[in-house]
Amino acid sequence: MEIILKEDIKGLGYKNDTVSVKPGYGRNYLIPQGLAIIANKSNSKMIEENIRQAAHKAEKLKNDAQDLAKKIGAVSVEIKTKAGESGKIFGAVTALQVADALKEKGFDIDRKRISFNGNIKELGEHAVTLDLHKEVHHEITVNVVSE
C-alpha cells in the first residue's frame, strides 16, 4: 500500500514522502491517526503544491534570518554576574541572560535559539552561536564581567 506521510515518523520516513507500508498498518494506524493519506493522483498533486508553496515560504524565512544576521553583525553583549576572586562565576551564564542582553540592544532572539560551545563559568569573552535558521548561524561575543 502506497501512502503519503503527513508527519515525520521515525524509521518510516519524513513529511511528504511517499512510502510503501503493509495495508493493515496503513489502514488501521497511520490513516486514522492522521499521520498519512493514501497516495492517489489527487493527493499527490495536492502534496506537490504544498511542497512548492512551503519552499517559497522557507526561502523567505531563510532570507529574513540572513538579514537579521547582517543587522546583528559583530555585536558584543556584556553580562554582569557575581564572581569569586579567581575569576570563576557563581553558577553559569544562561541563554536567558544572553537573550535579555540582546533584547536591550534591540534584537529579539528566542533563548532556545542560543547555543554555547561549553558552559560559561568564567569571566572574560566567550563565543555564542545564534541559530537563526537551520542554515543560518551567527556567532556573537559575550563579555562576562564581575558586578
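**Reading a predicted fold, feature by feature**

Q: Which residues have the most contacts inside the largest nonpolar core?

A: In soluble globular proteins, nonpolar side chains tend to be buried together. Here the largest nonpolar core has 24 residues, and V98, L102, I109, I114 and L130 have the most contacts inside it. At least two core residues come from each of helix 2, strand 4 (76-81), helix 3 (95-104), strand 6 (124-133) and strand 7 (136-146). Helix 3 gives the most, with five residues. A nonpolar core is a set of buried Ala, Val, Leu, Ile, Met, Phe, Trp, Tyr and Cys residues joined through side-chain atoms within 4.5 Å. Buried means under 20% relative accessible area, exposed means over 50%, and partly exposed is in between (1.4 Å probe, protein chains only).

Q: Before we go on, what sort of model is this?

A: It's a predicted model, where local features need pLDDT of at least 70 and side-chain atom pairs count only at pLDDT 80 or more, while totals for chains, interfaces and linings use all residues. Residues are numbered from 1 along each chain as its sequence is written, and side-chain values use heavy atoms, with hydrogens and water left out.

Q: What does V98 touch, leaving out residues up to four places away in sequence?

A: A contact means heavy atoms within 4.5 Å. With those sequence neighbours left out, V98 touches I79, V93, I114, F116, I140 and V142. Apart from this core lies another one, of eight residues, including I9, L30, L35 and A36.

Q: How many helices and strands does the protein chain have?

A: Helices (H or I, at least four residues) and strands (E, at least two) are DSSP runs, numbered from the N terminus. This protein chain has three helices and seven strands. Along the sequence they come as β-β-α-β-α-β-α-β-β-β.

Q: In what order do the strands of the three-stranded open sheet come?

A: Strands of a sheet pair through backbone hydrogen bonds, either parallel or antiparallel. Two strands count as paired if DSSP finds at least two bridges between them. In this sheet the order is 2-1-3, with antiparallel pairing. Strand 2 (18-20) and strand 3 (36-38) stand at the edges with a single partner strand each, so one side of each has no neighbour in the sheet. From one strand to the next, the twist averages 40°. Strand 1 (residues 2-5) and strand 3 are joined by three bridges, and I4 stands opposite I37 in strand 3. Helix 2 (residues 41-72) packs on this sheet, touching strand 1 and strand 3, and its direction makes about 135° with that of strand 3. For such angles, axes are lines fitted to C-alpha atoms, for helices over the stretch in contact, and the values run from 0 to 180 degrees between N-to-C directions.

Q: Which strands are at the edges of the four-stranded open sheet?

A: That sheet has the order 4-7-6-5 and mixed pairing. Its edge strands are strand 4 and strand 5 (114-116), each pairing on one side only. The average twist from one strand to the next is 35°. Strand 4 and strand 7 pair in the parallel sense over six bridges, with E78 opposite N143 in strand 7. Strand 6 and strand 7 pair in the antiparallel sense over nine bridges, and they form a hairpin with two residues between them. Strand 5 and strand 6 run antiparallel, joined by three bridges; there, I114 has L130 as its bridge partner in strand 6. Helix 2 lies across strand 6 and strand 7, at about 160° to strand 6.

Q: Is N43 buried or exposed?

A: N43, in helix 2, is buried, because its relative accessible area is 18%. Its side chain reaches the backbone oxygen of I38 at 2.7 Å. Leaving aside neighbours within four places in sequence, N43 is in contact with I4, I37 and I38.

Q: And what about K6: where is it found?

A: K6 is in the loop between strand 1 and strand 2. With 40% relative accessibility, K6 counts as partly exposed. Not counting residues up to four places away in sequence, K6 touches K15, G34, L35, A36 and I37.

Q: What radius of gyration does the whole protein chain have?

A: The radius of gyration is taken over C-alpha atoms, and the globule rule is 2.2 Å times the number of residues to the power 0.38. A compact globule of 147 residues would come out near 15 Å, but this protein chain has 23 Å. Its C-alpha atoms fill a box of roughly 70 × 30 × 20 Å along the principal axes.

Notes: A polar contact is a pair of N or O atoms within 3.5 Å; within protein, one must be able to donate a hydrogen and the other to accept it, and residues adjacent in sequence count only if both atoms are side-chain atoms.
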